[in-house]
Amino acid sequence: MTLLEVKNIEKYYAQRPFLFKRGQEAPVLENVTFSLQEGECLGIVGQSGSGKSTLGRIILGIERPTNGELIFQGVNLYEAPSKEKKMIRRNLQAVFQNSYHSFNPKQTIFEILEEPFLNFEHFSKAERQQKVRELLDCVELEWAMAQNYSSQLSGGQQQRVNIARALALKPKLIVLDEAISSLDMILQKTIIELLQRLQKELQLAYLFISHDLQATRFMSDRILVMQHGQLVEEIGKDGTYQHPASQALYNAILPSHPRERKKKDRPN
Ligand SMILES: Nc1ncnc2c1ncn2[C@@H]1O[C@H](COP(=O)(O)OP(=O)(O)OP(=O)(O)O)[C@@H](O)[C@H]1O
């Protein structure tokens with residue numbers, strides 16, 4: 001079943017008037033249209049500045065599109081009454097790249113993970129404690145860690161806490177915006193494995209936004225390529241592509257051995 005429909009999204013930012021006349025601004029997003037199914041992981045890849053994060057913010061309801069529609073579980077996100085919007089917010093969560101900066105440094109991990117329940121549920125203290133315990137367990141962190149501050153955690157542990165926070169309200173979709181980009185390769189692999197396990201267990205859908213085609217291929221059921229604010233192609237299941245933007249992303253993958261470079265550089 002379709003979970004999210006993104007229809008003809010456009011985004012313009014107001015430009016400095018001495019550079020652009022009104023109506024002449026360059027679009028950051030142009031005619032972006034795609035849909036995402038329940039339980040699917042859809043990858044959006046593109047080079048820096050192609051508009052990926054702007055698209056992510058619009059889907060999360062953080063920023064309004066200039067034109068276009070966003071339909072989540074059949075409801076128009078930007079036209080829904082506030083009660084329905086609150087329901088959508090529960091089901092639509094995010095994990096961003098810089099885990100450390102997404103925490104309040106004065107809060108313990110317990111307080112960070114307790115917050116969604118304080119905002120959205122009427123649980124007793126004992127129930128909240130049980131929920132936080134379950135969340136830590138879900139992302140393979142020790143209960144003892146709940147008393148720590150985020151600054152006392154490693155980058156990988158911080159990202160696990162971020163994932164746990166995103167899972168708290170049992171969402172349908174998590175937008176993962178460069179969620180593993182700041183981690184070293186071994187940690188990237190562990191977090192990808194964790195995300196894949198959680199996806200299966202909780203029937204989650206992911207929108208995996210990244211500049212890293214290799215990681216995106218590892219994670220995603222389908223991959224859309226973005227360039228200059230437009231979706232330019234879908235990479236085939238067998239990895240085939242036509243567009244130069246996809247070629248550039250393939251070229252950016254480091255070969256494991258110099259001999260491999262020759263193979264990689266052969267035309268598709
Ligand atoms: N608030 C804003 N005001 C004006 N321009 C913006 C704003 N936010 C983003 N942009 C511009 O929109 C374009 C797309 O930016 P965006 O961050 O969405 O790209 P990206 O593909 O996520 O890049 P990166 O991978 O480097 O994060 C860039 O040219 C950026 O300068």
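These legends go with a set of close-up views of one predicted model.

Residue numbers start from 1 in each chain and follow the sequence as written. Because the model is predicted, local features need pLDDT of at least 70 and side-chain atom pairs count only at pLDDT 80 or more, while totals for chains, interfaces and linings use all residues.

View 1. The protein chain comes to 9 helices and 10 strands; here helices (H or I, at least four residues) and strands (E, at least two) are DSSP runs, numbered from the N terminus. Of its 268 residues, 34% count as buried. A residue is called buried if 20 or more other C-beta atoms lie within 10 Å of its own, exposed if 12 or fewer, and partly exposed in between, with C-beta atoms placed from the backbone. Among the contacts with a separation of 6 or more, 69% join residues 24 or more positions apart; a contact means that two C-beta atoms, placed from the backbone, lie within 7 Å.

**View 2. An open sheet of 6 strands.** Follow the strands in the order E6-E7-E8-E3-E9-E10, and you will find that the pairing is mixed. Two strands pair if DSSP finds at least two bridges between them. The edges are strand E6 (92-95) and strand E10 (230-235), each of which pairs on one side only. From one strand to the next, the twist averages 20 degrees. Helix H5 (155-167) lies across E6 and strand E7 (173-177), and runs at about 175 degrees to E6. For such angles, axes are lines fitted to C-alpha atoms, for helices over the stretch in contact, and values run from 0 to 180 degrees between N-to-C directions.

**View 3. Strand E3 and its two partners.** Strand E3 (residues 41-46) is largely enclosed by the rest of the structure, because 6 of its 6 residues are buried. Cys41, Gly43 and Val45 point one way from E3, whereas Leu42, Ile44 and Gly46 point the other way. Strand E8 (residues 205-210) runs parallel to E3 and is joined to it by 5 bridges; Val45 has Ser210 of E8 as its bridge partner. E9 also runs parallel to E3, again with 5 bridges, and here Gly43 is the bridge partner of Ile223.

View 4. Strand E9 (residues 222-227) pairs with E10 in the antiparallel sense over 5 bridges. Look for Leu224, whose bridge partner in E10 is Glu234, and for Ile223, which stands opposite Ile235. The hairpin has 2 residues between the strands, and His228 takes a positive phi near 45 degrees.

**View 5. The surroundings of the ligand.** Tyr13, Val28, Gly46, Ser48, Gly49, Ser50, Gly51, Lys52, Ser53, Thr54 and His211 surround the ligand; a residue is near it if its C-beta atom, placed from the backbone, lies within 6 Å. Helix H1 (residues 52-59) gives the most to this shell, with 3 residues. By class, the shell has 2 nonpolar, 8 polar and 1 charged residues. In this scheme Ala, Val, Leu, Ile, Met, Phe, Trp, Tyr, Cys and Pro count as nonpolar, Asp, Glu, Lys and Arg as charged, and the others, Gly among them, as polar.

**View 6. Tyr206 in the largest nonpolar core.** This core holds 62 residues, of which Ala164, Ile174, Leu176, Tyr206 and Leu207 touch the most other members. A nonpolar core is a set of buried Ala, Val, Leu, Ile, Met, Phe, Trp, Tyr and Cys residues joined through C-beta atoms within 7 Å. Tyr206 itself is in contact with Cys41, Ile174, Leu176, Leu195 and Gln199, leaving aside neighbours within four places in sequence.

View 7. Asn31 is not a glycine, yet its phi is positive, at about 50 degrees. Asn31 lies in strand E2 (residues 29-37) and is partly exposed, with 14 other C-beta atoms within 10 Å. Glu140, also not a glycine, has a positive phi near 60 degrees. Glu140 sits in the loop between helix H4 (125-138) and helix H5, and is exposed, with 12 other C-beta atoms within 10 Å.

**View 8. Ala245 and its contacts.** Ala245 has its place in helix H8 (residues 244-251). With 19 other C-beta atoms within 10 Å, Ala245 is partly exposed. Not counting residues up to four places away in sequence, Ala245 touches Val225, Gln227 and Val232.
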